[in-house]
Amino acid sequence: MTNRQILLAARPKGFPQDSDFQLVENPVPEPGDGQFLVQAEVLSVDPYMRGRMNDMASYAQPVQIGEVMVGESVGRVIQSRNAKFPEGTYVSGMFGWQEFAISNGESIRKIDPDVAPISTALHVLGMPGLTAYFGLFEVCQAKPGDTVVVTGAAGAVGSVVGQLAKINDCQAVGVAGSDDKINYITNDLGYDGGFNYKTTDDYYKAFKQLCPDGVDAFYDNVGGPISDAVFPLLNVGARVAICGQISQYNATEKPQGPRLLWHLIVKRATIRGFLVFDFISQYREALEKLTTWYQQGRLNCPERVTEGIENAPRAFMELLQGANTGKQLVKICPE
Ligand SMILES: NC(=O)c1ccc[n+]([C@@H]2O[C@H](COP(=O)([O-])OP(=O)(O)OC[C@H]3O[C@@H](n4cnc5c(N)ncnc54)[C@H](OP(=O)(O)O)[C@@H]3O)[C@@H](O)[C@H]2O)c1
């Protein structure tokens, strides 16, 4: 058996391209003492990976040229020399963009396929779901009756934020990049309203129509002009969670925008950037709640699945262009 891997071949300038990635084949490694071999089944591609391709100080180390691209996947233990992870165990971990990986069990989560399909460990019952949960309840401090605005509303995080807002009896207003996505979030996910930013000229006017009582909580995944339009509508005491700024991840020049901080003074509003890892001590409790809501059918996340590790770069670039509704995944099918 060979292990097909995707390496970082070059650092992108602006939007990534095929030549920034390289597909290589290597022998499948043998687990040593205390280790086990995982055969990956589903890989998650995520916006944060764009940042890891840059040679830039951040909250995590960049991927080096020639290294396997960073990423979380779910797979099955197929060979084990670690009694805690016997053969047949499903696990998720940062195994990278490859078909097989060795682990010693550190930072590995066991997945029970009887609780939910294993892929949910990469969205609603995994990192994006936890990000949605902590961003909404801890950072935005969403309360029943609040009007919550969510940008990137049809993506992995945004689709969960809207559903959690509805579970919490909030009004949820979302922004996304196509009419189909807006139909999806309003008809299927329970969002009360939303607009397609690609066909809307005046974002402020659109938000004002959808949020006649102003905005109490703003969950921002994208930044840029869409987010700028929310600030004048914040209510007194509003909370703003800066989860992501995807509109700027491929920028080649420093983005400039209007100066909006005055609104925070007038509205005595709070703005806070956060990383999901800030809440690691509360993961267990949050996952229990997310799992219950999932099992009750109150929480879901659509999946867009691309087949084959060789297509992971394409899946990643399509994610950055908004091809996905819900979670973008790569199904790994070894040759
Ligand atoms: N703070 C944390 O710990 C944390 C954790 C996870 C994710 N995040 C952040 O949360 C955000 C969402 O992540 P995700 O995994 O759920 O990804 P996602 O929303 O599933 O996928 C990214 C989406 O971004 C949208 N997009 C791309 N370019 C855009 C632009 N210029 N303006 C507006 N929207 C744009 C696209 O949808 P459209 O069709 O709507 O354009 C695309 O589908 C990202 O910013 C990510 O970095 C943060």
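This is a predicted model: local features need pLDDT of at least 70, side-chain atom pairs count only at pLDDT 80 or more; totals for chains, interfaces and linings use all residues.

Me: Okay, what is the order of the strands in the open sheet of 6 strands?

Reply: The order is 10-9-8-11-12-13, and the strands of this open sheet pair in the parallel sense. Strand 10 (193-196) and strand 13 (270-273) are the edge strands, and each has a single partner, so one side of each has no neighbour in the sheet. Going from one strand to the next, the twist averages 15 degrees.

Me: How many bridges join strand 8 and strand 11?

Reply: Strand 8, residues 147-151, and strand 11, residues 215-220, are paired in parallel over 3 bridges. As one example, V149 has F218 of strand 11 as its bridge partner.

Me: And which strands does helix 5 touch?

Reply: Helix 5, made of residues 203-210, packs on this sheet and touches strand 8, strand 9 (171-176) and strand 10, while its direction makes about 165 degrees with that of strand 10. The C-alpha atom of Q209 is 9.9 Å from that of G193, although the two residues are 16 places apart along the chain.

Me: Which strands pair in the antiparallel sense?

Reply: Strand 3 (residues 36-44) pairs in that way with strand 4 (residues 73-80) over 7 bridges, and V42 has V74 of strand 4 as its bridge partner.

Me: Switching to helices, is helix 2 mostly covered or mostly open?

Reply: Helix 2, which runs over residues 127-139, is mostly covered, with 11 of its 13 residues buried. Among them are P128, L130, Y133, F134, L136 and F137.

Me: What comes after helix 2?

Reply: Helix 2 is followed by Q141, which lies in the loop leading from helix 2 to strand 8. The phi of Q141 is positive, near 50 degrees, although this residue is not a glycine. That deserves a remark, because most residues other than glycine have a negative phi. Q141 counts as partly exposed because its relative accessible area is 44%.

Me: Where else is there a positive phi in a residue other than glycine?

Reply: D169 is such a residue, with a phi near 60 degrees, and its place is in the loop between helix 3 and strand 9. At a relative accessible area of 56%, D169 is exposed.

Me: Since you mention helix 3, is S159 buried or exposed?

Reply: S159, which sits in helix 3 (residues 156-167), counts as buried because its relative accessibility is 0%. Apart from neighbours within four places in sequence, S159 is in contact with A153, A154, L189, C301, P302 and G326.

Me: How many residues surround the ligand?

Reply: The ligand is surrounded by 27 residues, and the closest are V157, K181, Y197, Y249 and N324. A polar side-chain atom of K181 is 2.6 Å from an oxygen atom of the ligand. The backbone takes part in such pairs as well: a polar backbone atom of A156 is 2.8 Å from a ligand oxygen atom, and a backbone N or O atom of V276 is 2.8 Å from an oxygen atom of the ligand.

Me: Last topic, how many disulfides does a search find?

Reply: A search of the whole structure finds 0 disulfides.

Definitions and conventions: Residues are numbered from 1 along each chain as its sequence is written. Side-chain values use heavy atoms; hydrogens and water are left out. Helices (H or I, at least four residues) and strands (E, at least two) are DSSP runs, numbered from the N terminus. Buried means under 20% relative accessible area, exposed over 50%, partly exposed in between (1.4 Å probe, protein chains only). Contact means heavy atoms within 4.5 Å. Two strands pair if DSSP finds at least two bridges between them. Axes are lines fitted to C-alpha atoms, for helices over the stretch in contact, and angles run from 0 to 180 degrees between N-to-C directions. A disulfide is a pair of cysteine sulfur atoms within 2.5 Å. A residue is near a molecule or strand if one of its heavy atoms lies within 4 Å of it. A polar contact is a pair of N or O atoms within 3.5 Å; within protein, one must be able to donate a hydrogen and the other to accept it, and residues adjacent in sequence count only if both atoms are side-chain atoms.
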